[in-house]
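Good morning, colleagues. Please turn to the sequence and the structure that I am about to display, and I shall then take you through a few of the features.

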Amino acid sequence: KPLTELLGKTMDDLFPSDLAKKMIEDDKSILKEGKEITLEEEFNGRYYSTIKFPIYIENKPPLLAGYTIDVSEEKQAQDTLIKEKEKFYTYIENAPFGMMLITENGTISYINQKFKEILGYELSDIPDGRTWFRKVYPDKEYRHEVISAWQIDLEKRMIGEQIQRVYTAECKDGSRKAINF
């Protein structure tokens, strides 16, 4: 609304009663406590982030200032991302093959149920790539062969390209299995 339509109006004139009462209580609290607050609010299907803070001028009563930003698009993007992440984890958890997720710094952040069934390892057993390689390939020479091939494959493969290799991996129970990576 244009500023001319807002000037001289009370909160009750501009907002539904419950929201107006909450805003007034927030305002009083800010002036009483002297602290800035940030609020996330929904109004008429839109989402807003509001920052309110007191302003002090010597020998005058404290003033209240604030600003509100429409964050509806950001909120929608966050909600979509959360839903997509949930779908992703549902797919990988129910995949008919073992999967692990490794962060850029080498931390293993996730292993699915099939991975646990195949090799017997829990995430706590193999927290990072270094531990993974040492446990699954305990023979030092074979481990270095596997790591070298893996590094070469990472360097030369294109995004989305799959390079398959079969390696003999040692399971948690000490048994060995040929695994197609």
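I begin with D27, which is located in helix α3. Please bear in mind that we are looking at a predicted model.

Is D27 buried or exposed? Its relative accessibility is 15%; because the cut-off for a buried residue is under 20%, D27 counts as buried.

Which residues does D27 touch, once its neighbours within four places in sequence are set aside? The contacts are with M11, K52 and L64. As for A169, that residue lies 142 residues from D27 along the chain, and the C-alpha atoms of the two are 63 Å apart.

Let me turn to the sheet. It is an open one, built from three strands in the order β1-β2-β3, with antiparallel pairing. Strands β1, covering 37-43, and β3, covering 63-70, form the edges, and each of them pairs on one side only. From one strand to the next, the twist averages 25 degrees.

Helix α3, spanning residues 17-33, packs on this sheet and touches β1, β2 and β3. The direction of helix α3 makes about 175 degrees with that of β1.

Finally, the pairing of β2 with β3. How many bridges join these two strands? Strand β2, residues 46-55, pairs with β3 in the antiparallel sense over eight bridges. To give a specific position, Y48 has D70 in β3 as its bridge partner.

Thank you for your attention.

Notes
Residues are numbered from 1 along each chain as its sequence is written. This is a predicted model: local features need pLDDT of at least 70, side-chain atom pairs count only at pLDDT 80 or more; totals for chains, interfaces and linings use all residues. Side-chain values use heavy atoms; hydrogens and water are left out. Two strands pair if DSSP finds at least two bridges between them. Helices (H or I, at least four residues) and strands (E, at least two) are DSSP runs, numbered from the N terminus. Axes are lines fitted to C-alpha atoms, for helices over the stretch in contact, and angles run from 0 to 180 degrees between N-to-C directions. Contact means heavy atoms within 4.5 Å. Buried means under 20% relative accessible area, exposed over 50%, partly exposed in between (1.4 Å probe, protein chains only).
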